[in-house]
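Here is a colleague's note to read alongside the structure. Please go through the points in order.

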Amino acid sequence: MKREIPLLITLVAGLVMILQFYATPLAWLGDLFNDFYNIILTFAYVLGAASLLVVNGHKIQRQAPGWGFNLVLLVSLVTTLVLGLFLRPAGHLPIDEGTAFDWLFNHVFTPLSAATYSLLAFFIASASFRAFKARSIESTLLLGTAFLVMLFRVPLGEALWNQLPFLGRFEIGVIVEDWIMGGFNAAGQRAIMLGASVGLISVSLKILLGIERSYLGGSE
């Protein structure tokens, strides 16, 4: 019964959330299930925070390699919780302008996020350098397409194309870029999305029918 009951709950919940889009009388039941989902999600956040404290606390206690990063993580977590839950004016939300939580978000979290994303640009450039090597016809096409798109999207490329009398007059760079991004790129993205959608549908059906049981802690 420890496996049959969760499988039955999953089947009923999944069918209700699907049928509510096609049967109007079941809309209220879908809203009720969404409320249950939000409640369970709240408890999951609490369990996640507790697990984070326990796991990182053990690493700090043992002074495992890199334990300083775990300490920074826990200090940041506790500071954010204290500022958001307790150290704020009465009647104000943590995200309201002028609160300590808002200051921490705008002056600490936002700059750190910007620095992280800026560092990703160097990793992308190094990965592109390794990938864009003309070793085959496919890689050569990828290299040429990437070069054209990057050239048309920087001010230097626009200035070079505009200096040419014929190409600059008809904005060939913009036309080629739109043709690549709106044609080949859009077609590839749609193919990927269709494939991902089919995969998601198949996995969802396996979960509803009880074939996929890994979320129960095992594959049986």
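Predicted model: local features only at pLDDT ≥ 70, side-chain atom pairs only at ≥ 80, totals over all residues.

1. The protein chain contains eight helices and zero strands, and its pattern along the sequence reads α-α-α-α-α-α-α-α.

2. Burial and contact range. The protein chain has 220 residues, of which 13% count as buried. For contacts in the protein chain between residues at least 6 apart in sequence, 32% join residues at least 24 apart.

3. Geometry of α1 and α2. Two packed helices are described by the angle between their axes and the distance between the axes. Helix α1 spans residues 4-19 and helix α2 spans residues 27-62. Their axes come within 9 Å and cross at roughly 130 degrees, so α1 and α2 are oblique to each other. The crossing of this pair, α1 with α2, is left-handed.

4. Residues between α1 and α2. From α1, the contact uses Val12, Ala13, Val16 and Met17. From α2, the partners are Leu29, Gly30, Phe33 and Asn34. Sorted by class, the contact of α1 with α2 has six nonpolar and two polar residues, and no charged ones.

5. Geometry of α2 and α3. How do α2 and α3 pack, in angle and axis distance? The angle is about 140 degrees, and the axes of α2 and α3 are 9 Å apart. The crossing of α2 and α3 is left-handed.

6. Residues between α2 and α3. On the α2 side are Leu52, Leu53, Asn56, Gly57, Lys59 and Ile60. They meet Trp67, Asn70, Leu71, Leu73, Leu74 and Leu77 in α3. By class, the contact of α2 with α3 has eight nonpolar, three polar and one charged residues.

7. The loop residue glutamine 63. Glutamine 63 sits in the loop between α2 and α3. Most residues other than glycine have a negative phi. For glutamine 63, phi is near 50 degrees, a positive value in a residue other than glycine. Is glutamine 63 buried or exposed? Its relative accessible area is 54%, so glutamine 63 is exposed; the cut-off for that class is over 50%.

8. Asparagine 70. Helix α3, residues 67-85, holds asparagine 70. Asparagine 70 has a relative accessible area of 13% and is therefore buried, the limit being under 20%. Leaving out residues up to four places away in sequence, asparagine 70 touches Asn56, Lys59 and Ile60.

9. Phenylalanine 69. Where is phenylalanine 69 found? Phenylalanine 69 is in helix α3. With a relative accessible area of 70%, phenylalanine 69 is exposed, whereas asparagine 70 is buried. From C-alpha to C-alpha, phenylalanine 69 and asparagine 56 are 9.3 Å apart in space, and they are 13 residues apart in sequence.

10. Serine 214. Serine 214 belongs to the segment after α8 (172-208). Its relative accessibility is 46%, so serine 214 counts as partly exposed. Which residue's side chain joins that of serine 214 in a polar contact? The partner is glutamate 212, at 2.4 Å.

Technical notes:
Residues numbered from 1 in each chain as written. Heavy atoms only, no water. Axes fitted to C-alpha atoms, helices over the stretch in contact; angles between N-to-C directions. Helix = DSSP H or I, 4+ residues; strand = E, 2+ residues; numbered from the N terminus. Parallel < 35°, antiparallel > 145°, perpendicular 65-115°, else oblique. Left-handed = near helix turned anticlockwise from the far one by under 90°. Contact = heavy atoms within 4.5 Å. Nonpolar A, V, L, I, M, F, W, Y, C, P; charged D, E, K, R; others polar. Buried < 20%, exposed > 50% of the residue type's maximum accessible area, 1.4 Å probe, protein only. Polar contact = N/O pair within 3.5 Å; in protein donor to acceptor, adjacent residues only side chain to side chain.
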